[in-house]
Amino acid sequence: MSNQTWPQGVFPARLIEKLRAEGAIATGRAFDSDQVQPASLDLRLGETAFRVRSSFLPGPSHSVAERIDALKLHEIDLKHGAVLERGCVYLVPLQESLALPDMVSASANPKSSTGRLDVFTRVIGDRARGFDQMPAGYHGPLYLEVSPRTFPILVRTGSRLSQMRFRCGDHRLSVAEHQALHASDTLVFNNDVPVAEGVALSIDLKGDGRNGLIGFRSRRHTAVVDVDKKAALDVLDFWDPLFNRGREELILDPDEFYILVSDEAVHVPPSHAAEMVPFDPLVGEFRVHYAGFFDPGFGHSAAGGTGSRAVLEVRSREVPFLLGHGQTIGRLIYEKLAEAPDRLYGSALNSNYQAQTLKLSKHFKPYPG
């Protein structure tokens, strides 16, 4: 398939596998059976992590390897597993590298489970001027910057902390296109939520009607989280539950990490993918949602969901900040797929977060339990 014949839009799984078959995605090992998601590719850690003095961008004159040589403190063998400590910065060569066609670009985000552990990750390539963006036609290796912020994590060769999306062109919807898609496919299941430049999402601080649970705040000085083990950890060993005590508001403490949930249930129809972006970086001193990809089929009834909430990873910055119920905190921007997908996010793929409400990462046992 030549550069001129790649279809426009976000690539679904079949086209990602086509990139691999044609050598645009290179790896010394076959893809894992569940590595290709409906519209994204999980990226796998290689065999070595480098503890480095600081985060960096290589800039137009340097490779990532050159920067690692100048900044590394020591090397860590990942083949049999190793603990990455909170507050430290690591660079890990990924098993996948790219030789993209001239018309195809790529972007990356942490996986949902990574964001819900407050593990900060960013993909970088040689001579990059920005994080998580590979320009059209990029040829070269990929590296993952990993910085656990709350919990120490156990990782190993093959662990998957981030994911990559591929596209031709920029086909994010206009205001009119968002409104037309909402009219035909119902993007948000709350009648009073405006659909304009995407779907505006607000925060739910009323909580579950039975017990008023509104979220979780991480605990300090916990045990290690093995990123490859599901449902292995007791929630209360790592999190303090938060409840609505009648005020429908929450003060975020500086340097604390919270898991909250949107008030709205949203839907990504099979013809589209979506990405969470900040509502306005000037509205508050806090950060919301590290992991921003929503695959086609998220919240789709035929794939096991009838609208799904967006789980929010929230961290205050330098000052305490008061959140109120219904405060707008983000937007979901939709983008056309290049072709109809052959798989959807949902029950058929054993997707972890279909039909979710407030939910911690897959590593924890259900709460309450």
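You are looking at a predicted model, where local features need pLDDT of at least 70, side-chain atom pairs count only at pLDDT 80 or more, and totals for chains, interfaces and linings use all residues. Residues are numbered from 1 along each chain as its sequence is written, and side-chain values use heavy atoms, with hydrogens and water left out.

Now step back to α1 itself, residues 13-21. (Helices are DSSP runs of H or I with at least four residues, strands are E runs of at least two, and both are numbered from the N terminus.) Colour A13, L15, I16 and L19, the buried residues of this helix; buried means under 20% relative accessible area, exposed over 50%, and partly exposed in between, with a 1.4 Å probe and protein chains only. Look down the axis: these buried residues fall within an arc of 165 degrees, so they line one face of α1. The arc is taken from the directions from the helix axis to the C-beta atoms. Show β2 (25-26), β3 (36-37), β4 (40-44) and β14 (160-168) next, as the buried residues of α1 pack against them. Contact here means heavy atoms within 4.5 Å.

Next, pick F11, L98, M164, F166 and W239. They have the most contacts inside the largest nonpolar core, which has 57 residues. Such a core is a set of buried Ala, Val, Leu, Ile, Met, Phe, Trp, Tyr and Cys residues joined through side-chain atoms within 4.5 Å. At least three of its residues come from each of domain 1 (9-168) and domain 2 (175-336), with bounds from an automatic or database domain assignment. For a second, separate core of 31 residues, select V195, M276, I329 and Y334, which are among its members.

Last stop: F151, F216, F238, W239, F257, F364 and Y367, one aromatic cluster. Rings of Phe, Tyr and Trp (its six-membered ring) pair if their centres lie within 6.5 Å; planes under 30 degrees apart are stacked, over 60 edge-to-face, the rest tilted. The structure holds nine such pairs. Zoom in on F216 and Y367: centres 5.4 Å apart and planes at 85 degrees, so edge-to-face. F216 sits in strand β17 (residues 213-218) and Y367 in the segment after β27 (328-336), 151 residues apart. F216 is buried at 3% relative accessibility, while Y367 is partly exposed at 30%. Then try W239 and F364, with centres 6.0 Å apart and planes at 75 degrees, so this pair is edge-to-face too.
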